[in-house]
Amino acid sequence: MSRFARAAHTSHSLSVAAMEEASRAGLRTADIDHLLLALIINDQSAGRMLRGAGLDIDAARRAVEDQHAHHLAGLGIETSFPAAGQIVFPQTEGYEWSTRASDLLIRASGRRKAGDAAAVLRELLTEPSGLIDGILARLGTSAQALLEQLDELGADDTTTPLTAVKRHGRAAGSIETFVSAPVEDVGAFLADPARIPEWHPGVGSLELDGQEVAAGEVWEGLAPTERLNGEPVQRKPELRRRRITLVSLDRPERVAWSFAYPDAPKNSPVLMEFTLAGTTGGTQVHATMSWARRGGWRRLVSLPMRPLQKFMLWIMLAQTGAAISRAFR
(Lines give C-alpha, C1' and ligand atoms only; values in the text may rest on other atoms or scores of the structure.)
Protein backbone atom coordinates (compact mmCIF):
# COMPACT_ATOMS: atom_id res chain seq x y z
CA MET A 1 0.00 0.00 0.00
CA SER A 2 1.28 3.47 -0.86
CA ARG A 3 2.29 5.92 1.85
CA PHE A 4 -0.54 8.23 0.78
CA ALA A 5 -3.16 5.47 1.02
CA ARG A 6 -1.85 4.38 4.42
CA ALA A 7 -1.95 7.95 5.73
CA ALA A 8 -5.49 8.47 4.40
CA HIS A 9 -6.68 5.21 5.94
CA THR A 10 -5.06 6.05 9.28
CA SER A 11 -6.44 9.57 9.35
CA HIS A 12 -9.95 8.33 8.59
CA SER A 13 -9.99 5.57 11.21
CA LEU A 14 -8.47 7.75 13.92
CA SER A 15 -10.81 10.64 13.11
CA VAL A 16 -13.91 8.48 13.43
CA ALA A 17 -12.80 6.95 16.74
CA ALA A 18 -11.57 10.25 18.24
CA MET A 19 -14.75 12.11 17.34
CA GLU A 20 -16.82 9.27 18.76
CA GLU A 21 -14.92 9.69 22.02
CA ALA A 22 -15.38 13.48 21.97
CA SER A 23 -19.10 13.03 21.39
CA ARG A 24 -19.46 11.07 24.66
CA ALA A 25 -18.69 14.27 26.56
CA GLY A 26 -20.84 16.48 24.37
CA LEU A 27 -17.82 18.01 22.65
CA ARG A 28 -17.60 18.93 18.96
CA THR A 29 -13.81 19.34 18.89
CA ALA A 30 -11.55 16.29 19.11
CA ASP A 31 -8.21 17.05 20.78
CA ILE A 32 -4.99 15.12 21.39
CA ASP A 33 -6.48 13.28 24.39
CA HIS A 34 -9.22 11.89 22.13
CA LEU A 35 -6.50 10.98 19.63
CA LEU A 36 -4.77 8.92 22.33
CA LEU A 37 -8.04 7.09 23.04
CA ALA A 38 -8.47 6.43 19.32
CA LEU A 39 -4.95 5.00 19.09
CA ILE A 40 -5.58 2.60 21.97
CA ILE A 41 -8.41 0.92 20.04
CA ASN A 42 -6.71 1.17 16.65
CA ASP A 43 -6.07 -2.05 14.74
CA GLN A 44 -2.56 -1.18 13.56
CA SER A 45 0.63 -2.25 15.33
CA ALA A 46 0.75 0.95 17.42
CA GLY A 47 -2.65 0.16 18.92
CA ARG A 48 -1.64 -3.42 19.63
CA MET A 49 1.52 -2.13 21.31
CA LEU A 50 -0.44 0.24 23.56
CA ARG A 51 -2.84 -2.49 24.62
CA GLY A 52 0.08 -4.84 25.20
CA ALA A 53 1.58 -2.19 27.48
CA GLY A 54 -1.54 -2.39 29.64
CA LEU A 55 -3.51 0.59 28.30
CA ASP A 56 -7.20 -0.12 27.90
CA ILE A 57 -9.93 2.23 26.79
CA ASP A 58 -11.86 2.40 30.08
CA ALA A 59 -8.79 3.17 32.22
CA ALA A 60 -7.58 5.70 29.65
CA ARG A 61 -10.93 7.48 29.67
CA ARG A 62 -10.75 7.83 33.47
CA ALA A 63 -7.17 9.08 33.24
CA VAL A 64 -8.19 11.73 30.71
CA GLU A 65 -11.01 12.96 32.96
CA ASP A 66 -8.75 13.00 36.05
CA GLN A 67 -6.01 14.87 34.22
CA HIS A 68 -8.39 17.58 33.04
CA ALA A 69 -9.78 17.95 36.58
CA HIS A 70 -6.23 18.17 37.96
CA HIS A 71 -5.32 20.87 35.45
CA LEU A 72 -8.35 22.98 36.36
CA ALA A 73 -7.67 22.55 40.07
CA GLY A 74 -4.15 23.85 39.47
CA LEU A 75 -5.75 26.99 38.07
CA GLY A 76 -7.90 27.35 41.16
CA ILE A 77 -11.03 26.12 39.41
CA GLU A 78 -13.03 23.58 41.38
CA THR A 79 -15.57 21.87 39.19
CA SER A 80 -17.02 18.48 38.39
CA PHE A 81 -17.62 17.18 34.91
CA PRO A 82 -20.94 15.67 33.89
CA ALA A 83 -20.80 11.92 33.43
CA ALA A 84 -19.97 10.95 29.87
CA GLY A 85 -22.90 9.58 27.94
CA GLN A 86 -23.25 7.37 24.90
CA ILE A 87 -21.40 7.92 21.66
CA VAL A 88 -23.58 10.12 19.44
CA PHE A 89 -21.23 10.53 16.49
CA PRO A 90 -22.07 10.14 13.61
CA GLN A 91 -25.73 10.76 14.50
CA THR A 92 -24.73 14.36 15.24
CA GLU A 93 -22.69 16.65 13.02
CA GLY A 94 -20.31 19.60 13.24
CA TYR A 95 -17.20 17.78 14.51
CA GLU A 96 -13.64 18.90 13.83
CA TRP A 97 -10.07 18.47 15.04
CA SER A 98 -8.42 20.98 17.34
CA THR A 99 -5.60 22.90 15.69
CA ARG A 100 -2.87 21.07 17.59
CA ALA A 101 -4.38 17.65 16.82
CA SER A 102 -4.77 18.52 13.14
CA ASP A 103 -1.19 19.80 12.95
CA LEU A 104 0.03 16.61 14.64
CA LEU A 105 -1.68 14.42 12.05
CA ILE A 106 -0.15 16.49 9.24
CA ARG A 107 3.32 16.11 10.77
CA ALA A 108 2.86 12.33 11.04
CA SER A 109 2.37 12.07 7.29
CA GLY A 110 5.02 14.63 6.35
CA ARG A 111 8.20 14.10 4.42
CA ARG A 112 9.92 10.76 5.14
CA LYS A 113 7.18 9.80 7.63
CA ALA A 114 4.89 6.83 7.15
CA GLY A 115 1.59 8.42 8.08
CA ASP A 116 0.52 5.22 9.86
CA ALA A 117 -0.69 4.89 13.45
CA ALA A 118 2.88 4.37 14.69
CA ALA A 119 3.92 7.71 13.16
CA VAL A 120 0.92 9.43 14.74
CA LEU A 121 1.71 7.89 18.13
CA ARG A 122 5.34 9.00 17.91
CA GLU A 123 4.24 12.59 17.29
CA LEU A 124 1.73 12.36 20.13
CA LEU A 125 4.34 11.07 22.60
CA THR A 126 6.61 14.02 21.84
CA GLU A 127 3.83 16.63 21.89
CA PRO A 128 5.06 19.42 24.23
CA SER A 129 1.89 20.52 26.08
CA GLY A 130 2.27 17.98 28.90
CA LEU A 131 -1.31 16.73 28.61
CA ILE A 132 -0.35 13.32 27.24
CA ASP A 133 2.49 12.99 29.78
CA GLY A 134 0.03 13.60 32.61
CA ILE A 135 -2.47 11.07 31.27
CA LEU A 136 0.22 8.41 30.78
CA ALA A 137 1.53 8.95 34.31
CA ARG A 138 -1.95 8.18 35.63
CA LEU A 139 -1.87 4.98 33.60
CA GLY A 140 1.42 3.90 35.14
CA THR A 141 3.66 4.52 32.14
CA SER A 142 5.48 7.34 30.37
CA ALA A 143 6.07 8.73 26.91
CA GLN A 144 9.71 7.60 27.06
CA ALA A 145 8.77 4.02 27.92
CA LEU A 146 6.27 3.88 25.07
CA LEU A 147 8.74 5.44 22.64
CA GLU A 148 11.23 2.69 23.46
CA GLN A 149 8.59 0.06 22.74
CA LEU A 150 7.63 1.89 19.57
CA ASP A 151 11.25 1.74 18.39
CA GLU A 152 11.15 -2.04 18.80
CA LEU A 153 8.27 -2.33 16.32
CA GLY A 154 10.79 -1.93 13.52
CA ALA A 155 9.48 -1.40 10.00
CA ASP A 156 6.47 0.73 9.17
CA ASP A 157 3.07 -0.87 9.65
CA THR A 158 1.94 -2.72 6.52
CA THR A 159 -1.71 -2.87 7.49
CA THR A 160 -3.90 -2.23 4.45
CA PRO A 161 -7.35 -0.67 4.59
CA LEU A 162 -8.79 -3.40 2.38
CA THR A 163 -7.38 -6.87 1.80
CA ALA A 164 -8.24 -8.59 -1.46
CA VAL A 165 -9.88 -11.98 -0.91
CA LYS A 166 -9.96 -14.70 -3.53
CA ARG A 167 -13.45 -16.03 -4.12
CA HIS A 168 -14.01 -17.77 -7.46
CA GLY A 169 -16.40 -15.66 -9.52
CA ARG A 170 -16.96 -13.23 -6.67
CA ALA A 171 -15.84 -9.73 -5.78
CA ALA A 172 -14.54 -9.81 -2.23
CA GLY A 173 -12.57 -7.83 0.31
CA SER A 174 -11.91 -7.87 4.03
CA ILE A 175 -10.77 -5.65 6.89
CA GLU A 176 -9.59 -6.17 10.47
CA THR A 177 -11.27 -4.39 13.38
CA PHE A 178 -10.37 -4.39 17.08
CA VAL A 179 -13.30 -4.49 19.51
CA SER A 180 -12.76 -3.84 23.22
CA ALA A 181 -14.90 -6.75 24.43
CA PRO A 182 -14.49 -10.53 24.91
CA VAL A 183 -14.94 -12.90 21.97
CA GLU A 184 -18.08 -14.39 23.53
CA ASP A 185 -19.78 -11.00 23.77
CA VAL A 186 -18.84 -9.91 20.26
CA GLY A 187 -19.88 -13.29 18.84
CA ALA A 188 -23.27 -13.10 20.55
CA PHE A 189 -23.75 -9.56 19.20
CA LEU A 190 -22.99 -10.54 15.60
CA ALA A 191 -25.13 -13.69 15.76
CA ASP A 192 -28.22 -11.87 17.05
CA PRO A 193 -30.55 -10.82 14.19
CA ALA A 194 -32.08 -8.12 16.41
CA ARG A 195 -28.67 -6.37 16.54
CA ILE A 196 -28.12 -6.27 12.76
CA PRO A 197 -29.47 -2.69 12.39
CA GLU A 198 -26.71 -1.60 14.79
CA TRP A 199 -23.91 -2.67 12.41
CA HIS A 200 -25.45 -2.94 8.93
CA PRO A 201 -26.10 0.52 7.44
CA GLY A 202 -28.58 -0.91 4.91
CA VAL A 203 -30.92 -2.42 7.51
CA GLY A 204 -33.11 -0.14 9.60
CA SER A 205 -35.40 -2.71 11.20
CA LEU A 206 -36.18 -6.43 11.26
CA GLU A 207 -39.33 -8.47 11.68
CA LEU A 208 -38.64 -10.69 14.67
CA ASP A 209 -41.08 -13.46 15.55
CA GLY A 210 -39.16 -15.43 18.15
CA GLN A 211 -37.81 -17.98 15.68
CA GLU A 212 -34.70 -19.95 16.55
CA VAL A 213 -31.35 -18.40 15.69
CA ALA A 214 -29.83 -21.18 13.61
CA ALA A 215 -28.13 -21.61 10.25
CA GLY A 216 -30.66 -21.48 7.42
CA GLU A 217 -33.17 -19.29 9.22
CA VAL A 218 -34.49 -16.28 7.27
CA TRP A 219 -35.68 -12.85 8.44
CA GLU A 220 -37.10 -9.86 6.58
CA GLY A 221 -35.48 -6.49 7.05
CA LEU A 222 -36.45 -3.01 5.93
CA ALA A 223 -34.05 -0.33 4.73
CA PRO A 224 -33.65 2.77 6.92
CA THR A 225 -36.05 5.59 6.14
CA GLU A 226 -33.64 8.25 7.39
CA ARG A 227 -29.91 8.78 7.81
CA LEU A 228 -28.18 8.83 11.18
CA ASN A 229 -28.48 12.63 11.22
CA GLY A 230 -32.23 12.45 10.66
CA GLU A 231 -32.29 13.33 6.97
CA PRO A 232 -34.82 11.28 4.94
CA VAL A 233 -33.49 8.57 2.60
CA GLN A 234 -34.98 8.14 -0.85
CA ARG A 235 -34.87 4.53 -2.14
CA LYS A 236 -36.29 2.69 -5.08
CA PRO A 237 -39.30 0.59 -4.00
CA GLU A 238 -37.58 -2.65 -5.02
CA LEU A 239 -34.66 -1.90 -2.69
CA ARG A 240 -36.67 -1.36 0.48
CA ARG A 241 -36.92 -4.99 1.58
CA ARG A 242 -34.03 -7.27 2.50
CA ARG A 243 -34.09 -11.04 2.83
CA ILE A 244 -31.59 -11.81 5.60
CA THR A 245 -30.34 -15.37 5.96
CA LEU A 246 -28.09 -16.79 8.65
CA VAL A 247 -25.74 -18.79 6.41
CA SER A 248 -23.53 -20.33 9.09
CA LEU A 249 -22.96 -20.08 12.82
CA ASP A 250 -20.09 -21.56 14.81
CA ARG A 251 -20.35 -19.88 18.21
CA PRO A 252 -18.62 -17.69 19.10
CA GLU A 253 -15.84 -17.58 16.53
CA ARG A 254 -17.67 -17.51 13.19
CA VAL A 255 -20.92 -16.18 11.76
CA ALA A 256 -22.04 -15.44 8.20
CA TRP A 257 -25.09 -13.55 6.96
CA SER A 258 -26.54 -13.18 3.46
CA PHE A 259 -28.40 -10.03 2.43
CA ALA A 260 -30.58 -10.15 -0.71
CA TYR A 261 -33.25 -8.00 -2.35
CA PRO A 262 -36.33 -10.21 -2.89
CA ASP A 263 -37.92 -7.52 -5.08
CA ALA A 264 -34.77 -7.08 -7.21
CA PRO A 265 -33.65 -10.64 -8.03
CA LYS A 266 -31.03 -9.45 -10.54
CA ASN A 267 -29.05 -7.92 -7.68
CA SER A 268 -26.56 -10.42 -6.30
CA PRO A 269 -26.93 -11.31 -2.61
CA VAL A 270 -24.14 -9.91 -0.44
CA LEU A 271 -22.39 -12.30 1.93
CA MET A 272 -21.00 -10.89 5.20
CA GLU A 273 -18.63 -13.23 7.06
CA PHE A 274 -17.10 -12.58 10.48
CA THR A 275 -14.25 -14.50 12.08
CA LEU A 276 -13.35 -13.64 15.68
CA ALA A 277 -10.20 -14.24 17.67
CA GLY A 278 -9.22 -13.20 21.16
CA THR A 279 -6.42 -10.66 21.49
CA THR A 280 -4.93 -8.43 24.17
CA GLY A 281 -7.69 -6.20 25.52
CA GLY A 282 -10.52 -7.62 23.44
CA THR A 283 -11.39 -9.24 20.13
CA GLN A 284 -9.95 -9.10 16.64
CA VAL A 285 -12.78 -9.18 14.08
CA HIS A 286 -12.00 -10.22 10.50
CA ALA A 287 -14.91 -9.06 8.34
CA THR A 288 -15.29 -10.16 4.71
CA MET A 289 -17.86 -8.92 2.20
CA SER A 290 -18.43 -10.62 -1.15
CA TRP A 291 -20.93 -10.95 -3.99
CA ALA A 292 -21.13 -12.71 -7.37
CA ARG A 293 -19.54 -10.87 -10.27
CA ARG A 294 -21.58 -10.29 -13.37
CA GLY A 295 -20.62 -12.48 -16.31
CA GLY A 296 -20.29 -11.94 -20.06
CA TRP A 297 -20.26 -8.46 -21.52
CA ARG A 298 -21.48 -6.93 -18.25
CA ARG A 299 -18.22 -7.97 -16.62
CA LEU A 300 -16.19 -6.28 -19.36
CA VAL A 301 -18.23 -3.10 -19.08
CA SER A 302 -17.72 -3.04 -15.32
CA LEU A 303 -13.90 -3.35 -15.48
CA PRO A 304 -13.26 0.44 -15.56
CA MET A 305 -15.41 0.72 -12.42
CA ARG A 306 -13.26 -1.70 -10.38
CA PRO A 307 -11.29 1.03 -8.52
CA LEU A 308 -14.56 2.73 -7.53
CA GLN A 309 -16.05 -0.60 -6.48
CA LYS A 310 -12.99 -1.31 -4.33
CA PHE A 311 -13.30 2.09 -2.67
CA MET A 312 -17.02 1.61 -1.99
CA LEU A 313 -16.31 -1.86 -0.60
CA TRP A 314 -13.77 -0.39 1.81
CA ILE A 315 -16.24 2.33 2.87
CA MET A 316 -18.96 -0.24 3.60
CA LEU A 317 -16.61 -2.50 5.55
CA ALA A 318 -15.12 0.45 7.43
CA GLN A 319 -18.61 1.58 8.46
CA THR A 320 -19.44 -1.93 9.59
CA GLY A 321 -16.23 -2.29 11.60
CA ALA A 322 -16.69 1.11 13.24
CA ALA A 323 -20.28 0.28 14.17
CA ILE A 324 -19.30 -3.02 15.80
CA SER A 325 -16.55 -1.29 17.79
CA ARG A 326 -18.90 1.54 18.79
CA ALA A 327 -21.51 -0.91 20.11
CA PHE A 328 -19.11 -1.96 22.89
CA ARG A 329 -17.91 1.53 23.87
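Visitor: What does the secondary structure of the protein chain come to?
Guide: The model is a predicted one, and its protein chain has 12 helices and 10 strands.

Visitor: How much of the chain is buried?
Guide: Of the 329 residues in the protein chain, 43% are buried.

Visitor: And what share of the contacts with a separation of 6 or more is between residues 24 or more positions apart?
Guide: Such pairs account for 61% of those contacts in the protein chain.

Visitor: Let's take helix 6. How many of its residues are buried?
Guide: Eight of the nine, so helix 6 is largely enclosed by the rest of the structure. The buried ones are Ala117, Ala118, Ala119, Val120, Leu121, Glu123, Leu124 and Leu125.

Visitor: How do helix 3 and helix 6 cross?
Guide: The axes of helix 3 (residues 45–52) and helix 6 (residues 117–125) cross at roughly 55° and come within 7 Å. That angle makes helix 3 oblique to helix 6.

Visitor: Which residues make the contact?
Guide: Helix 3 contributes Ala46, Met49 and Leu50, while helix 6 contributes Ala117, Ala118 and Leu121.

Visitor: What classes of residue are in that contact?
Guide: Six nonpolar residues, with no polar and no charged ones, make up the contact of helix 3 with helix 6.

Visitor: Switching to rings. How many aromatic pairs are there?
Guide: The count comes to five aromatic pairs. One of them is Phe89 with Tyr95: the ring centres are 5.0 Å apart and the planes are at 80°, so the pair is edge-to-face.

Visitor: Are Phe89 and Tyr95 buried or exposed?
Guide: Phe89 has 15% relative accessibility and counts as buried. Tyr95 also counts as buried, at 15%; the cut-off for buried is under 20%.

Visitor: Which residues do ring pairs link into a cluster?
Guide: Trp199, Phe259 and Phe274 are linked into a cluster by ring pairs.

Visitor: What sits over the ring of Phe178?
Guide: The charged end of Arg51 does, 3.6 Å from the ring centre.

Visitor: One more residue: where does Phe189 lie?
Guide: Phe189 is in helix 9, which covers residues 183–191. Its relative accessible area is 3%, so Phe189 is buried.

Visitor: What is Phe189 in contact with, leaving aside neighbours within four places in sequence?
Guide: Phe189 is in contact with Arg195, Glu198, Trp199, Ile324, Ala327 and Phe328. Trp199 also belongs to the ring cluster with Phe259 and Phe274.

Visitor: And how far is Phe189 from Ala327, going by C-alpha atoms?
Guide: Their C-alpha atoms are separated by 9.0 Å, with the two residues 138 residues apart along the chain.

Definitions and conventions: Residues numbered from 1 in each chain as written. Predicted model: local features only at pLDDT ≥ 70, side-chain atom pairs only at ≥ 80, totals over all residues. Heavy atoms only, no water. Axes fitted to C-alpha atoms, helices over the stretch in contact; angles between N-to-C directions. Helix = DSSP H or I, 4+ residues; strand = E, 2+ residues; numbered from the N terminus. Parallel < 35°, antiparallel > 145°, perpendicular 65-115°, else oblique. Contact = heavy atoms within 4.5 Å. Nonpolar A, V, L, I, M, F, W, Y, C, P; charged D, E, K, R; others polar. Phe/Tyr/Trp six-rings, centres within 6.5 Å; stacked < 30°, edge-to-face > 60°. Buried < 20%, exposed > 50% of the residue type's maximum accessible area, 1.4 Å probe, protein only. Lys NZ or Arg CZ within 6 Å of the ring centre and 35° of its normal.
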